[in-house]
2 protein chains.
Amino acid sequence: MAERGLLIVFSGPSGVGKGTVRQEIFSTPDHKFEYSVSMTTRPQRSGEVEGVDYFFRTREEFEELIKNGQMLEYAEYVGNYYGTPLTYVNETLDKGIDVFLEIEVQGALQVKKKVPDGVFIFLTPPDLGKLQERLINRGTDSKENIAKRIERAKEEIALMREYDYAVVNDEVSLAAERVKHIIETEHFRVERVIGHYMKMIEETRLSR
Amino acid sequence: MAERGLLIVFSGPSGVGKGTVRQEIFSTPDHKFEYSVSMTTRPQRSGEVEGVDYFFRTREEFEELIKNGQMLEYAEYVGNYYGTPLTYVNETLDKGIDVFLEIEVQGALQVKKKVPDGVFIFLTPPDLGKLQERLINRGTDSKENIAKRIERAKEEIALMREYDYAVVNDEVSLAAERVKHIIETEHFRVERVIGHYMKMIEETRLSR
């Protein structure tokens, strides 16, 4: 079957634990999808590997890609670009391999416009109190920043309606299992396989 | 959460192995859904238990239920009625428990008209040659009957497009796992949970 791969877009509010759940998903061997490495203009840090952690590009190179429509999504944070290059995604999908993106909510909405038949999965905190707790325990944000992040999380959770699935991050291993099951079952959706079966009906010549 | 249960309709062509896969699904304890026992007018056989194998009713009682719109679906085979009583299904769904129906393709299409937001799962043979093999090995059908069944299977597979998911019965345990994962992930669909999260956003008062 030369079925095209699925584009899986995994997103959710800042601080919900997307990276941890994604690592858990990719740490177990039963996945059959590839992680799409992001591109950035921020400087490479010691220990980071080109093409593994990020594709590191200059600002000029990145802007050239934007101009030529070669970024599936991108955003600017604190003066640096971050985004998903289109070529890798398309080449992998064409091989029949699923591609897994872990991106911010705003980027996911950009992808949704370009690839509406992607599988959009929203990772959500069990409740906002738990998110607040998590941000406090992480110890990287001031009280004011945490309040701002919670307000932004509220806005982002309201954008959940643009997604296909909502997965609760109550426990990392459970959340990872849920995401894997979603990817598995999306391949069983009739609209994705009906062509194969119609062909089977037409082509089968049975022994009499 | 007073979320209503899901109606799961499990169907597929005659001889594909629906009953075996259903038994496998219910033999492991991690399911959280109830099997809807069918009603029939055929005589109770020795060893069969009322309310477990079937609800046994007279022809008059069954026709009364049809007349009053109390059958979710029904069909007549060899002079006997078989069908799904509506009351049990609705009462169980109202309790927030998923209901699992294992029914013929024609019955599933009746349910689809009445409950379009049910989850419709089509069990399909890997290919028609395998189905033919299975029917021959079962040894209960004549050569002519098997040819007829294959023709009917072709017609029924074409009706797959009315379903949400197609699951291949290549191996019973795998098929059962796939069905369980479909039921699990259907609960994560945004349209089913968005109300809960919108309420959470509105109601949360956080500590400052």
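I count two strands as paired if DSSP finds at least two bridges between them. I keep that rule in mind for the sheets below. The model is predicted.

**Entry 1: sheet of chain B**

I started with S5(B). It pairs with strand S6 (residues 80-85) of chain B in the antiparallel sense, over 6 bridges. I looked up one of the bridges: B:Ala75 has B:Tyr82 in S6(B) as its partner. Next I checked what lies on the sheet. Helix H3 (residues 86-94) of chain B packs there and touches S5 and S6 of chain B. The direction of H3 makes about 20° with that of S6(B).

Then I traced the whole sheet. It is open, with 4 strands in the order S4-S3-S6-S5 (chain B), and the pairing is mixed. Which strands are at the edges? I find strand S4 (55-56) and strand S5 (71-77) of chain B there, each pairing on one side only.

**Entry 2: sheet of chain A**

I turned to chain A. Here 4 strands make an open sheet of mixed pairing, in the order S4-S3-S6-S5 (chain A). Strand S4 (55-56) and strand S5 (71-77) of chain A are at the edges. Each has a single partner strand, so one side of each is left without a neighbour in the sheet.

In S4(A), A:Phe56 is the bridge partner of A:Thr40. Helix H3 (residues 86-94) of chain A packs on this sheet, touching S5 and strand S6 (80-85) of chain A. I note an angle of about 20° between the direction of H3 and that of S6(A).

**Entry 3: where the chains meet**

How many residues does each chain bring to the contact? I read 42 residues from chain B and 42 residues from chain A. Together the two chains bury about 3,600 Å², with 65% of it on carbon and sulfur atoms.

The rule finds 2 salt bridges across it. One of them joins A:Glu186 to B:Arg189, with the closest N and O atoms 3.9 Å apart.

H8(B) gives the most, with 8 residues. By class, the side of chain B that touches chain A has 23 nonpolar, 7 polar and 12 charged residues.

Definitions and conventions
Residues are numbered from 1 along each chain as its sequence is written. Chains are lettered from A and ligands numbered from 1 in the order in which they are written. This is a predicted model: local features need pLDDT of at least 70, side-chain atom pairs count only at pLDDT 80 or more; totals for chains, interfaces and linings use all residues. Side-chain values use heavy atoms; hydrogens and water are left out. Contact means heavy atoms within 4.5 Å. Buried area is the accessible area (1.4 Å probe) that two parts lose on being put together, summed over both. A salt bridge is a side-chain nitrogen of Lys or Arg within 4 Å of a carboxyl oxygen of Asp or Glu. Helices (H or I, at least four residues) and strands (E, at least two) are DSSP runs, numbered from the N terminus. Ala, Val, Leu, Ile, Met, Phe, Trp, Tyr, Cys and Pro count as nonpolar, Asp, Glu, Lys and Arg as charged, and the others, Gly among them, as polar. Axes are lines fitted to C-alpha atoms, for helices over the stretch in contact, and angles run from 0 to 180 degrees between N-to-C directions.
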